[in-house]
Number of protein chains: 2
Amino acid sequence: MVPTPSPHERARVVVVGGGFGGLQAVKALADAPVDVTLIDRRNFHLFQPLVYQVATGALSPGEIAAPLRWVFRGQDNVRVLLAEVSEFDIDAREVVVLPAAPEVEPERIAYDTLIVAGGSAYSYFGHDEWRPHAPEVKSLESALEVRRRILQAFEAAEEVHDPARRAAWLTFVVVGAGPTGVEIAGQIAELARDTLPRDFRAMDSREARVLLVEQVDRVLTAFPESLSRRAEHSLLALGVTPMLGRRVVGIDADGVTLEHGDHTERIAARTAIWAAGVQASTLAAGLAETTGAELDRSGRVTVRPDLTLPGHPEVIALGDMVRVTDPNGEVMNLPGVAPVAMQQGRYAARVVRDRAEGRGSPPFRYHDKGNLATIGRAKAVADIRGLKLSGLLAWVTWLVVHLFYLVGFQNRVLVVIRWAISFITRGRGARLITGAD
Amino acid sequence: MVPTPSPHERARVVVVGGGFGGLQAVKALADAPVDVTLIDRRNFHLFQPLVYQVATGALSPGEIAAPLRWVFRGQDNVRVLLAEVSEFDIDAREVVVLPAAPEVEPERIAYDTLIVAGGSAYSYFGHDEWRPHAPEVKSLESALEVRRRILQAFEAAEEVHDPARRAAWLTFVVVGAGPTGVEIAGQIAELARDTLPRDFRAMDSREARVLLVEQVDRVLTAFPESLSRRAEHSLLALGVTPMLGRRVVGIDADGVTLEHGDHTERIAARTAIWAAGVQASTLAAGLAETTGAELDRSGRVTVRPDLTLPGHPEVIALGDMVRVTDPNGEVMNLPGVAPVAMQQGRYAARVVRDRAEGRGSPPFRYHDKGNLATIGRAKAVADIRGLKLSGLLAWVTWLVVHLFYLVGFQNRVLVVIRWAISFITRGRGARLITGAD
């Protein structure tokens with residue numbers, strides 16, 4: 001079952017997805033006697049944890065993305081292919097792809113080992129009609145759309161004189177109080193309170209209301225409750241109103257409807273941003289369909305302790321799109337965060353190398369180095385192996401960790417400078433309204 | 001005729017356009033006893049001379065743009081209005097605008113003095129059907145579209161194995177050998193020769209052909225002929241083929257058709273970029289229509305030696321959209337470059353201040369500090385009051401001048417770092433394929 005290429009032929013590894021997991025898998029195969037094909041729809045690796053800063057004009061898109069070809073320019077055993085996966089042909093051991101380049105025919109890419117790291121997307125809880133009224137902060141394009149809407153809302157508030165209409169333009173609803181929701185809410189509040197007041201003449205941007213809606217009764221549920229409470233205090237101090245225990249039941253162009261116990265309440269808001277509900281990449285369903293593996297409600301495929309699909313040791317899946325079982329067959333409860341994907345990517349490369357050398361691999365183990373979330377200027381929370389930090393120390397830790405994992409020396413330098421200038425001036429340098437209306 | 005506001009009311013100055021001319025006019029009115037409304041369709045000042053570097057992934061959009069509200073945040077006599085001008089009501093002394101903010105009604109903005117600095121756009125010589133096949137490098141959006149096409153072409157060349165089809169993907173035609181055309185052609189050649197070779201596996205990006213098509217018989221016609229010749233040598237050394245004395249007679253998705261004397265020749269090329277033919281902003285025609293002023297073939301309105309419209313001393317027009325007459329009634333031959341617009345902007349502010357103090361103003365005089373164009377790494381030409389420079393010295397002059405005029409300390413720092421890293425690594429950090437296909 002385990003692929004055993006002939007001695008004259010190097011094993012072929014196909015990696016789908018150039019996110020955190022895929023990137024680490026390919027890098028860790030640098031010295032392995034294999035030929036790697038990295039397939040991604042986009043020509044760049046995107047540093048997801050900072051996309052929200054693009055949405056508020058703190059950073060420019062190019063500063064948090066690194067072209068995949070550039071990342072692997074010196075790794076000779078890697079071919080980068082810009083393409084969309086249309087089918088896994090598990091029996092033939094081929095991936096069918098539609099290249100992104102214009103007028104190129106679909107291709108079949110043969111593999112000895114397949115590593116799928118397709119990540120996840122936001123789900124609108126089955127309400128796709130909300131999407132146009134509440135864009136998500138995930139891709140660069142959606143972040144630029146959110147940036148356009150936030151800045152346009154302040155422009156409209158400046159020009160509209162009717163108090164109720166102005167208030168609706170100055171009301172921002174963020175749905176979902178996970179790290180991204182908390183971060184974007186904090187950034188909008190800082191934008192309104194610190195960055196924009198001197199920019200406008202007719203209205204006071206400090207009158208903006210930022211509402212952070214969360215279904216459960218606290219923010220940042222991945223953190224211990226004491227840190228959630230501290231984060232809520234920090235949010236309140238920044239001017240964000242956490243609205244906990246509320247379920248979104250409607251979003252349209254004029255506002256958001258919430259359900260709270262028996263009540264429903266309507267919030268007049270012209271800007272809503274979505275940061276809730278995670279759905280695994282549809283590649284997970286593609287794998288489940290052809291291998292018979294289990295799929296959970298979030299669309300994640302269940303993999304074995306070595307990240308392979310049951311009955312298919314030549315197929316590995318990892319990151320946000322999988323649920324890993326432990327050697328006892330129990331599902332491990334791993335968070336959908338970058339460190340898990342990165343460790344799994346490196347682990348997948350290790351499995352490939354172990355096999356090439358005829359060795360088995362121990363099961364995957366996650367080394368939890370801690371959990372970080374930033375809220376605003378000098379405000380963050382950190383839970384590092386039980387050590388609970390908040391405030392400046394947590395914030396500096398957050399800065400250092402994010403700079404360290406940002407890909408590319410140039411990006412690191414540019415982001416440090418943007419942050420330093422923002423910190424000193426309370427400005428945000430990239431607040432351009434671009435793109436179509 | 002000259003506006004004389006009542007002593008209790010400050011004169012109202014409306015400035016249309018936040019480009020080089022408008023920006024300088026508003027800045028130079030900082031201490032004048034007037035209320036200024038700056039109207040622009042976009043929320044940022046764009047540093048046009050570097051847009052071509054966005055088109056080749058050397059810089060990110062946010063690094064060459066400065067939000068107008070930010071530029072004037074400390075200038076209390078300025079109101080910024082994001083709006084499109086729909087009409088000049090010269091008799092009523094009002095500008096009719098359609099605000100860019102959503103759902104805001106058209107407004108009438110009254111003025112005592114109107115300053116119009118609408119700039120120019122590329123014209124396709126009456127062939128608007130060429131536009132989709134040969135985007136221009138002018139707005140940020142069009143630059144990102146050019147960037148997408150250039151990078152996609154290399155991606156397609158990597159995937160296409162038929163030599164003729166691959167060659168067409170690796171052929172780039174730039175139309176127009178003015179400064180922008182020369183710069184973009186040089187950048188594409190450097191991208192192909194220096195930046196990308198290690199990124200691809202199946203094809204050699206150095207096989208790319210960059211053709212620079214120009215109707216007249218030399219490049220950079222605004223420069224002395226000896227510098228044009230030196231620029232041509234620099235272009236050849238970079239791998240750009242100047243195709244002089246050739247007229248474009250057709251552009252479609254598969255290539256460009258040129259006329260050369262009695263011959264026509266067809267170039268199979270999947271990427272064409274437009275940098276020829278300047279057409280004044282349609283605001284010039286709007287002014288000519290209502291004031292009876294003369295309009296030339298490029299759509300420029302003719303203004304008096306003090307930049308006012310004939311018979312309307314309260315209306316000033318400047319920059320690329322005007323032709324200025326000297327005190328003898330002769331048309332002055334001023335180039336359509338940023339320094340002219342900037343000096344005219346400051347001059348317009350002076351006219352406003354002189355009038356407020358009851359003084360007349362001397363006619364506008366252009367102080368020509370010289371002409372600069374860059375071609376590539378350490379390659380540029382400069383004509384500074386008859387002093388002809390080329391090579392490294394001209395290039396350093398170009399760098400210093402462009403950094404000096406770039407708006408915003410943050411942008412200067414970021415651009416310097418991008419340039420330094422590009423110079424050392426021959427890389428281009430922002431080569432992302434973004435936007436819709």
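**Chatting through a two-chain model**

Biologist: Hi! Could we start with α6(A) and α7(A)? How do they run relative to each other, parallel or antiparallel?
Modeller: Helices α6(A) and α7(A) are roughly parallel to each other. Keep in mind that this is a predicted model. Helix α6 covers residues 179-195 of chain A and helix α7 covers residues 225-238, and the two pack at an angle of about 25°. Angles under 35 degrees count as roughly parallel, so that is the label they get.

Biologist: And what distance lies between their axes?
Modeller: The axes of α6 and α7 of chain A are 9 Å apart.

Biologist: Is the crossing left-handed or right-handed?
Modeller: For α6(A) and α7(A) the crossing is left-handed.

Biologist: Which residues make that contact?
Modeller: Helix α6(A) brings Val182(A), Ala185(A), Gly186(A), Ala189(A) and Glu190(A), while α7(A) brings Ala231(A), Leu235(A) and Leu238(A). Sorted by class, the contact of α6(A) with α7(A) has six nonpolar, one polar and one charged residues.

Biologist: Okay, and what about α6 and α7 in chain B?
Modeller: In chain B, the axes of α6 and α7 come within 9 Å and cross at roughly 25°. That makes α6(B) roughly parallel to α7(B), and their crossing is left-handed. Here Val182(B), Ala185(B), Gly186(B), Ala189(B) and Glu190(B) of α6(B) meet Ala231(B), Leu235(B) and Leu238(B) of α7(B).

Biologist: How many residues does each chain put into the contact?
Modeller: Chain A gives 43 residues and chain B gives 45 residues. On the side of chain A that touches chain B, β4 (65-67), α3 (68-71), β5 (78-89), α4 (140-159) and α11 each supply at least two residues.

Biologist: Which of those gives the largest share?
Modeller: Helix α4(A) does, with seven residues.

Biologist: You mentioned α11. How do α11(A) and α11(B) pack?
Modeller: Helix α11 (residues 409-425) of chain A packs against helix α11 (residues 409-425) of chain B at an angle of about 170°, with the axes 10 Å apart. That makes α11(A) roughly antiparallel to α11(B). Gln410(A), Val413(A), Leu414(A), Ile417(A) and Ile421(A) make the contact from α11(A), and Gln410(B), Val413(B), Leu414(B), Ile417(B) and Ile421(B) from α11(B).

Biologist: What classes do those residues fall into?
Modeller: Where α11(A) contacts α11(B), there are eight nonpolar, two polar and no charged residues.

Biologist: New topic: which domains are assigned in chain A?
Modeller: The domain assignment gives domain 1 (11-122 + 279-356) and domain 2 (128-276) of chain A. Taken over C-alpha atoms, their centres are separated by 33 Å.

Biologist: How many residues of each are in contact?
Modeller: In chain A, 14 residues of domain 1 are in contact with 18 residues of domain 2. On the domain 1 side, α2 (51-55) and β9 (120-122) of chain A each supply at least two residues, and α2(A) gives the most, with five residues. That side of domain 1 divides into 11 nonpolar, three polar and no charged residues.

Methods
Residues are numbered from 1 along each chain as its sequence is written. Chains are lettered from A and ligands numbered from 1 in the order in which they are written. This is a predicted model: local features need pLDDT of at least 70, side-chain atom pairs count only at pLDDT 80 or more; totals for chains, interfaces and linings use all residues. Axes are lines fitted to C-alpha atoms, for helices over the stretch in contact, and angles run from 0 to 180 degrees between N-to-C directions. Helices (H or I, at least four residues) and strands (E, at least two) are DSSP runs, numbered from the N terminus. Angles under 35 degrees count as roughly parallel, over 145 as roughly antiparallel, 65 to 115 as roughly perpendicular and the rest as oblique. Two residues are in contact if their C-beta atoms, placed from the backbone, lie within 7 Å. Ala, Val, Leu, Ile, Met, Phe, Trp, Tyr, Cys and Pro count as nonpolar, Asp, Glu, Lys and Arg as charged, and the others, Gly among them, as polar. Domain bounds come from an automatic or database domain assignment. A crossing is left-handed if the near helix is turned anticlockwise from the far one by less than a right angle, and right-handed if clockwise.
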